[in-house]
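Take a moment to look it over before reading on.

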Amino acid sequence: MTAAGGAGPEGRTASGSTGAEEGQGLLGPGEGTASGSTGTEAGRGLLVVGDVITDVVARHRGPLAPGTDTAARIRTVAGGAGANVACWAAHRGAADVRLLGRVGADAAAWHERELVAQGVRPQLVIDPLAPTGTVICMVDGGASAERTFLTDSGASVRLGPADWSDALLDGVARLHLSGYLLFSDPSRAMVTVALGAARARGVPVSLDPASAGFLAELGAERFLELVEGVDVLLPSRDEACLLTGLADAAEAAAELSLRVPLVVAKQGHEGALVARSGKVSARVPAVPATPRDTTGAGDAFTGAFLAALLAGAGPRDAAAEGCRAGARAVEQVGGRPPVRG
C-alpha cells in the first residue's frame with residue numbers, strides 16, 4: 001500500500017517485514033519487490049539511502065532581530081539531503097532512481113507523492129514512534145543567499161539494518177549514501193550493512209559527508225573509518241578541510257584521494273575539484289548564477305554528477321554537470337528541482 005493510500009497493518013518495510021515492531025513501510029511504484037524493480041532495467045538503477053525531511057524555509061533580509069520580529073517569506077517544502085539527491089538525479093536523466101528512507105506517519109503520504117512527482121521510486125519506512133525530520137532553513141535574502149539550519153532529524157536517523165534488504169540492490173548500478181546516516185547509531189549500522197552488501201555485489205558506492213557541523217562532532221578519523229570502502233567521496237570545501245586539517249581546498253581534496261579512490265570536492269561559486277591518487281586531476285569552473293537560496297545546491301551537484309556517471313560520463317564531465325545543476329538550484333527556493341509538467 002502506498003503512502004498516498006494510507007498505511008494499514010499490511011504495510012511492509014523495505015526489507016519485506018510486516019513493520020509491526022520497527023515501522024511500517026511504503027512500497028513505491030513498481031511490482032512490489034523490495035527494490036521496486038521490474039527486472040527490465042537491470043544494472044541501470046541508482047539507489048539512494050538517506051534522509052527525507054520537511055524543510056521550513058524562511059527567507060529574510062539582513063540580520064535577525066533577537067527578541068522581536070524579523071520579516072520573512074516562509075514556505076514549507078519537501079527536502080532532505082538524500083531525497084534531494086535522488087530527485088536531482090532523476091531530473092538530470094537517470095532512468096531508475098530509488099530512495100530508501102524513514103519518515104513519520106505525520107507526513108509520509110505527502111513525501112511519497114512529492115518523490116513520485118519527481119520521478120523517484122520511494123521505499124519509505126514509516127516510523128511508529130518518531131515524526132518526520134524537520135529542518136528550519138533560515139536564508140539571508142541578500143546577495144550571498146547564505147543559509148543556517150536548525151535540524152530535528154526525527155525518524156530519518158532511525159533508519160537501521162532491519163530496514164535493509166540485499167534485494168534493494170537488484171538492478172542497481174550505483175549506491176549513494178547520505179552522510180547524515182553517519183550521525184546516529186542505528187543509521188551508522190545501516191551504512192555498514194549497505195556498504196558491505198554493495199561491495200559483495202561489485203556495486204560502486206558514493207557518499208556525501210552532508211554537514212560540517214555534525215562532522216566536527218563525529219570526528220574526522222571516525223568518519224574516515226566508517227566510510228572505508230567507499231568509491232567516491234563528495235565533500236564540500238569546508239568538509240574536505242575539516243577531514244584533513246588542511247586549509248587549502250585543493251590540498252585537502254588531494255589528501256582525501258589517498259583514502260578514497262575518487263574525490264570530487266564542491267567549491268560553491270568556485271566550481272569543483274576532482275582528485276585521484278593524491279593529485280587534483282581537474283578543476284571544473286562554476287556556472288554563473290544569481291543566488292536566491294543555496295539550500296540543496298550541493299545535493300543538486302551530487303544528483304546530477306551521479307546521473308552523468310550512470311550515463312557513461314567521466315568524472316570531469318560529470319562534475320561539470322554537477323556545477324550546472326548547482327547553479328540552477330541556487331536560483332530557486334528549496335532543495336528540489338522543479339517538477340516537470
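Which residues line the largest cavity? They are Ala-81, Gly-82, Val-85, His-176, Ser-178, Gly-179, Asp-208, Ala-210 and Asp-299. Before going further, a word on the model: it is predicted, local features need pLDDT of at least 70, side-chain atom pairs count only at pLDDT 80 or more, and totals for chains, interfaces and linings use all residues. Residues are numbered from 1 along each chain as its sequence is written, and side-chain values use heavy atoms, with hydrogens and water left out.

Rolling a probe the size of a water molecule over the atoms shows where empty space is left. Here the search runs on a 1 Å grid over the protein atoms alone: a cavity is a set of points where a 1.4 Å probe fits but cannot get out, a pocket is an open set with protein on both sides within 12 Å along at least five of seven lines, and lining residues have an atom within 4 Å of a point. Points are joined across faces, edges and corners, and a volume is the space filled by probe spheres set on them.

By this rule there is 1 cavity of 30 Å³ or more, and the largest cavity has a volume of about 40 Å³. Helix H1 and strand S9 (172–178) each give at least two residues to its lining, with the largest share, 3 residues, coming from H1. Helices (H or I, at least four residues) and strands (E, at least two) are DSSP runs, numbered from the N terminus.

Now turn to the largest pocket, which holds about 1400 Å³ of space. Its lining has 48 residues, and Arg-147, Ser-236, Thr-294, Ala-297 and Gly-298 lie nearest its centre. Among the elements that give two or more residues to this lining are strand S3 (53–60), helix H1 (81–91), helix H6 (237–244), helix H8 (297–310) and helix H9 (315–330). By class, the lining has 19 nonpolar, 19 polar and 10 charged residues. In this count Ala, Val, Leu, Ile, Met, Phe, Trp, Tyr, Cys and Pro are nonpolar, Asp, Glu, Lys and Arg are charged, and the others, Gly among them, are polar.

The second largest pocket contains about 230 Å³ of space. Of its 15 lining residues, Arg-75, Val-77, Val-333, Arg-336 and Pro-337 are the closest to its centre. The largest share of this lining, 4 residues, comes from S4.

How do the helices meet? The axes of H8 and H9 come within 7 Å and cross at roughly 145°; axes are lines fitted to C-alpha atoms, for helices over the stretch in contact, and angles run from 0 to 180 degrees between N-to-C directions.

In another pair, the axes of H6 and helix H7 (residues 249–256) come within 9 Å and cross at roughly 60°. Here Arg-237, Ala-240, Cys-241, Leu-243 and Thr-244 in H6 meet Ala-249, Ala-252, Glu-255 and Leu-256 in H7.

Lastly, consider confidence: pLDDT is the predictor's confidence in each residue, from 0 to 100. The chain has a mean pLDDT of 86, and 86% of its residues reach 70 or more. Over residues 1–42, however, the pLDDT is below 50.

Notes
Contact means heavy atoms within 4.5 Å.
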